[in-house]
Amino acid sequence: MDDQGQIQVNRGFRIEMSSAIGPYKGGLRFHPSVNLGILKFLAFEQVFKNALTTLPMGGGKGGSDFNPKGKSDMEVMRFCQSFMAELFRHIGPDTDVPAGDIGVGAREIGYLFGMYKKLRNEFTGVLTGKSLNWGGSLIRPEATGYGSVYFAAEMLATKGQTLEGKTCLVSGSGNVAQHTLEKLIELGAKPVTCSDSSGYIFDPEGIDRDKLAFLMTLKNVRRGRVKEFAEKFPTAAYTPVDPAEEFNPLWNHKADCAFPSATQNEINAVDAKHLVDNGIIMVCEGANMPTVPAGIDIFIEHRLLYGPGKAANAGGVSVSGLEMTQNSMRLAWTREEVDNRLRMIMKSIHHTCLAAAEQYGTPGNYMNGANIAGFVKVVDAMLDQGVV
Ligand code: NDP
């Protein structure tokens, strides 16, 4: 019910794709573009991503075409409660453990958890991405972005390079993009872009800690648009982006590395060509499937270091897995401990991808490596468990 007392109707989904190696696990997305097809591809990808993490998690995804943008806290709360009133019968800490995704952050997870607890009368780790003082894990908000940068550092290391001094293009300005920017700055890289669905910022002087702090308040507290970034910092230029255009100008700047961290299909073949022509040596996908297949072909043909989302952005679900472990043990690890485990997991995923790519005759092809290694693990588990 909206604040005017009118009933609004949205459609919700939960895809339980595979529980071969653990409970279904994957995020919830609230965005007007959500439909069954998008959630099915995300759940399918999630199965193999989760298999790569080394943790016991199956794959799922869910969400709704509800748009939290412009809604009051009370409207968001009432929607989360309605959504959970149906979802609660399908999920549980040993059955299916949803998390956040686009449009679902700490606020939404809180409202969803509160309703689950009320309906079930139990306090369990049924959702991840919870706030710290009631079962969340340190580093969970940072995990996808940090993990993506750790993966990027591993890829560069295979060429004897580091992120220090590298100019980086980052898209998005949400959870993944913000923590990608944070870790890039910490490692001495120079990120020069960020975006939202209306347009993008290009700041040739680089987005530093102070500018990032402004962006985080703008997005997380005031829930504003990136356009305001250019109004605040004179070195930055704002360009509106129309998704119907032939290409996205964000990807048409001279740089070393690209971190697509907004949404699916945000790099088309023309964008991919622009990245190659501008001297990009590495593309590391913080978002899920941000590059269309023809774009991936261009990266591979030009021998870029290409880290596919199911490997590069697996840090988020990995720390969700660590949150489940801490909830089961009813204890909380330190920030340092979780970050170290995240770093080790990203290292291990990188190694697994490279080893599988080599074993199956496509050395250096992280996409083949990730797909094959994830697939083999799930299929072996299914065969072990018989026809059930
Ligand atoms: P957020 O909702 O926090 O941020 C999403 C960002 O992408 C916003 O800047 C948003 O702009 C922009 N965006 C969304 N849709 C579009 C669109 N159609 N066109 C252009 N820009 C768009 O989400 P997250 O940062 O959590 O997620 C980003 C990506 O990372 C998604 O692909 C998600 O599936 C993936 N991912 C997230 C994980 C996590 O832990 N959060 C884990 C693994 C993957 P606007 O504000 O205008 O909507």
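## Reading domains and aromatic rings in a predicted model

Guide: In this predicted model, 13 residues of domain 1 are in contact with 11 residues of domain 2, where contact means heavy atoms within 4.5 Å. Residues are numbered from 1 along each chain as its sequence is written, and side-chain values use heavy atoms, with hydrogens and water left out. Local features need pLDDT of at least 70 and side-chain atom pairs count only at pLDDT 80 or more, whereas totals for chains, interfaces and linings use all residues.

Visitor: Which residues belong to domain 1 and domain 2?

Guide: Domain bounds come from an automatic or database domain assignment, which here gives domain 1 as 12–134 and domain 2 as 143–312. Taken over C-alpha atoms, the centres of domain 1 and domain 2 are separated by 26 Å.

Visitor: How much area do domain 1 and domain 2 bury between them?

Guide: The size of an interface is often given as the accessible area lost when the parts come together. Buried area is summed over both parts, with a 1.4 Å probe, and for domain 1 and domain 2 this comes to about 990 Å², 49% of it on carbon and sulfur atoms. On the domain 1 side, Phe 41, Glu 45 and Lys 49 lose the most area to domain 2, together 44% of what that side buries.

Visitor: How many salt bridges are there between domain 1 and domain 2?

Guide: A salt bridge is a side-chain nitrogen of Lys or Arg within 4 Å of a carboxyl oxygen of Asp or Glu, and the count between domain 1 and domain 2 is one. Glu 45 also forms a salt bridge with Lys 310, the closest N and O atoms being 3.3 Å apart.

Visitor: How many aromatic pairs does the structure hold?

Guide: Rings of Phe, Tyr and Trp (its six-membered ring) pair if their centres lie within 6.5 Å, and planes under 30 degrees apart count as stacked, over 60 as edge-to-face and the rest as tilted. The structure holds 15 such pairs, among them the edge-to-face pair of Phe 30 and Phe 79, at 5.2 Å centre to centre and 85° between the planes. Phe 30 lies in strand E2 (residues 24–30) and Phe 79 in helix H2 (residues 73–87), so this pair ties together parts that are 49 residues apart in sequence; helices (H or I, at least four residues) and strands (E, at least two) are DSSP runs, numbered from the N terminus.

Visitor: Is Phe 30 buried or exposed?

Guide: Buried means under 20% relative accessible area, exposed over 50%, and partly exposed in between (1.4 Å probe, protein chains only). Phe 30, at 1%, counts as buried, and Phe 79 is buried with 13%.

Technical notes. Buried area is the accessible area (1.4 Å probe) that two parts lose on being put together, summed over both.
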